[in-house]
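Have a look at it first, and then we'll go through it piece by piece.

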Amino acid sequence: MRIECRDLNVRFGAQTVLDAVGIDASDFRAVALIGPSGAGKSTLLRVLGGLLAPDAGEVRIDGQRVDFSERALLAHRRGVGFVFQTRGLFPHLTAEQNIALPLVHVHGQSPEQARETAHALLARFSLDQDAHKRPYELSGGQNQRIGIARAIAPRPRLLLLDEPTSALDPELTAEVLDMIHELQADGQRMVIVTHEMGFARRACDQALFLADGRILEAGASADLFSRPRTPQLQGFLRKVLEWVP
Amino acid sequence: MPIGRLFLRTPKDGRAKLLLNGLLVAAVLVGFVALSVARVEGRYDFTDLWTYRTRLAMGFGMTLAFSVLSMAASLLIGFASATGSRSRILPVRYLCRTYVNVIRGTPLLMQIYLFFYIIGDAWGVEDRLVAGVLILSIFEGAYISEILRGGLDSIEGSQLEIARAVGFTPAQATRLIVLPQLLRRTLPALAGQFASIIKDSSLLSVISIVELTQTIKEVNAATFAFTTDYLFLGVLYFALTFPVSLLSRALEKRFAYEN
Ligand SMILES: Nc1ncnc2c1ncn2[C@@H]1O[C@H](COP(=O)(O)OP(=O)(O)OP(=O)(O)O)[C@@H](O)[C@H]1O
Ligand SMILES: [Mg+2]
């Protein structure tokens with residue numbers, strides 16, 4: 001899998017949130033997108049997922065240019081799974097329905113097929129007892145895992161995760177990261193925005209460092225973490241790795 | 001045990017205590033009404049009501065029909081207005097907001113008289129029944145519009161983003177995500193508004209629509225059994241609105257914790 005971005009620009013009013021972002025990531029299993037708060041990580045992920053059209057620049061996935069017209073985006077989104085930071089499920093639907101509804105209405109499965117797919121996934125991640133519960137009856141960790149199950153149910157070629165654990169307690173964070181790690185082992189390609197540096201370093205083979213709307217460093221995550229070149233990344237890692245009073 | 005304790009709610013009250021208090025209130029209310037009736041030397045006479053049973057049944061049916069038709073029409077008007085008052089097209093938005101404010105800020109009785117002559121004379125809607133449903137629906141639609149607008153506001157913007165992310169088209173997002181959530185959030189309030197429609201339809205009697213209240217007025221002109229006639233009228237309206245408010249409360253309980 002290859003993701004290329006060229007001269008991506010996103011502005012909100014007078015504020016430039018992504019500034020000439022260039023990315024060329026190929027042959028990766030998982031890309032960790034790291035950077036300080038407000039850097040534009042969520043914005044970049046939304047562009048990759050076809051939820052936001054950039055003001056300028058282009059995105060290519062496996063060499064194919066993403067067409068940002070509304071009609072073409074419907075097709076693009078079908079091939080990409082998206083996991084939100086928090087409250088990503090539909091509150092009026094049960095866990096099973098959350099997974100099955102898009103399969104039926106977007107991916108053309110029959111309702112029985114979709115229900116079976118949903119059950120198989122829930123069982124695989126030990127969520128079978130929760131199939132008929134609604135989001136408000138589930139813990140934050142269960143909510144996130146169901147959100148991930150929904151995102152991978154249609155077998156997307158790319159999974160995008162926006163800080164999937166940052167709203168969770170530490171013990172719940174572990175159960176969600178374990179699930180993501182298991183998906184990586186299965187060959188699911190993904191880009192994950194995360195503040196869990198241990199996970200970014202060990203579970204992701206590549207990393208991007210975004211600060212102030214610019215990509216400052218990119219490459220193998222082992223290199224980025226052990227030999228940060230820019231003072232910005234050095235400062236960022238110092239801050240997130242150890243607490244200095 | 002001090003006698004006062006009999007009337008205080010505590011965590012472990014037996015049925016007998018609750019029943020006792022209920023009966024007490026019922027006795028006081030019935031006593032008050034009976035006393036009032038006695039003071040004006042009113043009489044209870046149900047034979048007259050029985051004589052006019054067919055007309056009463058027709059009036060009751062008419063009120064029921066008016067209410068059901070107006071519920072449907074006011075829901076449509078209310079939904080259009082709620083959507084319109086959030087529109088990006090400013091004239092549409094102002095039109096809807098003006099409608100809601102003017103209708104909610106003036107009495108129904110005035111609207112009935114005014115619209116009956118405007119709709120009836122200027123626009124040639126001769127049929128009183130059609131005019132009646134229209135007037136009532138325009139009135140209740142303004143309240144329903146506000147209920148639905150609040151509901152739409154309360155559905156988080158992120159729900160639409162999630163709907164897009166899973167691949168839904170805008171039409172699917174509306175049908176599968178927005179409308180079901182809107183219904184859950186607003187059904188209790190809508191049910192309350194439906195009870196108001198039933199009661200408000202009684203005002204249509206002023207343009208001589210022979211619904212329940214007008215029927216009782218006419219019957220009363222013949223029987224002069226004022227007390228029985230109007231008590232009975234109250235009972236009939238209550239028989240219509242009470243189930244609706246029970247339903248409303250049940251729905252409220254069911255959906256309250258889901259959001
Ligand atoms: N829809 C929007 N309208 C206006 N400004 C926005 C919008 N979305 C994001 N921004 C702004 O763009 C900047 C980058 O936001 P973004 O959410 O992409 O950052 P982030 O790196 O994901 O931060 P965090 O780690 O806090 O999630 C912020 O200053 C934010 O206020
Ligand atoms: Mg973010």
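Let's start with A:Lys133, which makes a salt bridge with A:Asp130, their closest N and O atoms sitting 3.4 Å apart. A salt bridge here is a side-chain nitrogen of Lys or Arg within 4 Å of a carboxyl oxygen of Asp or Glu. A:Asp130 is buried at 3% relative accessibility, while A:Lys133 is partly exposed at 31%. (Buried is under 20% relative accessible area, exposed is over 50%, and partly exposed is in between, using a 1.4 Å probe and protein chains only.)

Some housekeeping: this is a predicted model, where local features need pLDDT of at least 70, side-chain atom pairs count only at pLDDT 80 or more, and totals for chains, interfaces and linings use all residues. Residues are numbered from 1 along each chain as its sequence is written, chains are lettered from A and ligands numbered from 1 in the order in which they are written, and side-chain values use heavy atoms, leaving out hydrogens and water.

## Pairs that reach further

How many salt bridges turn up over all chains? A search of the whole structure finds 22. One of them joins A:Glu96 to A:Arg115, with the closest N and O atoms 3.9 Å apart. A:Glu96 belongs to helix 3 (residues 95-105) of chain A and A:Arg115 to helix 4 (residues 111-124), so this pair links distant parts of the chain, 19 residues apart. Helices are DSSP runs (H or I, at least four residues), numbered from the N terminus. A:Glu96 is buried at 8%, but A:Arg115 is partly exposed at 39%.In chain B, B:Glu218 pairs with B:Arg55, the closest N and O atoms being 2.7 Å apart. B:Glu218 sits in helix 9 (residues 212-223) and B:Arg55 in helix 3 (residues 53-84) of chain B, so the pair ties together parts 163 residues apart in sequence. Shared partners also join salt bridges into one network of A:Arg46, A:Glu70, A:Arg77, B:Glu161 and B:Arg164.

Now for the greasy side. The largest nonpolar core has 47 residues, and A:Ile34, A:Ile99 and A:Ile148 are among those with the most contacts inside it. Such a core is a set of buried Ala, Val, Leu, Ile, Met, Phe, Trp, Tyr and Cys residues joined through side-chain atoms within 4.5 Å. Helix 6 (residues 170-185) of chain A gives the most to this core, with 6 residues.

Why does this core lie between domain 1 and domain 2 of chain A? Because both domain 1 (1-79 + 158-245) and domain 2 (90-156) give residues to it; the bounds come from an automatic or database domain assignment.

Key:
Helix = DSSP H or I, 4+ residues; strand = E, 2+ residues; numbered from the N terminus.
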